[in-house]
Amino acid sequence: MIELHAFDDQRAQSDALAKAVGDALHASLAASAATAATGTSTGTRPAMLAVSGGSSPRPFLQTLSTQSFDWARIAVTLVDDRWVPETDSASNAQLVHDTLLQNAARHAAFWPLADTAQDLHAHVAALNADPRFSVAPDVAILGMGEDGHTASIFADAPEWDHAITTAERFVAVHPGNAPHARVSWSLSALKEVKHLFLLIAGPRKMDVLNAAAASLQKNAISQLANDKGVRLDVYWCAN
């Protein structure tokens, strides 16, 4: 199910999404504390927030960094990252450090997805065995390409079938028409996210989303939009 939130300017979009993300994180932290209080868990785990890279989310991430959340109880990770060193300008981890992990949000933990000192497939296997990622993120903010990909689940990648069917949390992806190998949360993991947001702008991306939602297509956003168990809150700016 898609819930559309439309805005005329980027500032209003960023402010509204920051508030929605804060409310979702607060709810997740409260639920975790309640579970710990009943003795059904060994402790209060951090709320996991997964964010997207690229240029589009930069203003939103900067806005989010100033919000007075309980950042010390929040772990920030990514929905995907390119298989490049963190010092590379294409690194989503670098973007997060430069935009989100500042101001109030500097107190959050950061759980990166890429470590090019290792073999890609061995690293993905290690992520899938990492207890920090034994559950899906509590909150995730997705982006979307004009080909309908989200995270790094590309329809033209040889890993497409695996990425949309595996029960594993993470997949390695080699897009056909985009640079760099990637690490991405799988489609099944994204479907388990409790609070799933999509941040997009412009009429072209709205057209892509509408077409993806109208009938099942071979792209990741269509797979999410047509899953009746998934609620996708879309924050769209007209400009």
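## Burial and the model

A residue is called buried when its relative accessible area is under 20%. The model is predicted. In it, W111 and F133 are both buried. F133 and W185 are both buried too.

## Aromatic pairs

Rings pair if their centres lie within 6.5 Å, and planes over 60 degrees apart count as edge-to-face. The count comes to seven aromatic pairs. In one of them, the ring centres of W111 and F133 are 5.7 Å apart and the planes stand at 90°, so this pair is edge-to-face. The two residues are 22 apart in the chain. W111 sits in the loop between β5 (109–110) and α4 (120–129), while F133 lies in the loop between α4 and β6 (139–142).

F133 also pairs with W185. Their ring centres are 5.7 Å apart and their planes are at 85°, so this pair is edge-to-face as well. Here the link spans 52 residues, from the loop between α4 and β6 to strand β8 (residues 182–185).

Ring pairs join W111, F133, F170 and W185 into a cluster.

## The nonpolar core

The largest nonpolar core holds 79 residues. V21, L49, V76 and I141 have the most contacts inside this core. Helix α1 (residues 10–37) is its biggest contributor, with seven residues. In soluble globular proteins, nonpolar side chains tend to be buried together.

What is V21 in contact with, leaving aside its neighbours within four places in sequence? The partners are L49, F60, L64, V139, I141 and F197.

Methods. Residues are numbered from 1 along each chain as its sequence is written. This is a predicted model: local features need pLDDT of at least 70, side-chain atom pairs count only at pLDDT 80 or more; totals for chains, interfaces and linings use all residues. Side-chain values use heavy atoms; hydrogens and water are left out. Rings of Phe, Tyr and Trp (its six-membered ring) pair if their centres lie within 6.5 Å; planes under 30 degrees apart count as stacked, over 60 as edge-to-face and the rest as tilted. Helices (H or I, at least four residues) and strands (E, at least two) are DSSP runs, numbered from the N terminus. Buried means under 20% relative accessible area, exposed over 50%, partly exposed in between (1.4 Å probe, protein chains only). A nonpolar core is a set of buried Ala, Val, Leu, Ile, Met, Phe, Trp, Tyr and Cys residues joined through side-chain atoms within 4.5 Å. Contact means heavy atoms within 4.5 Å.
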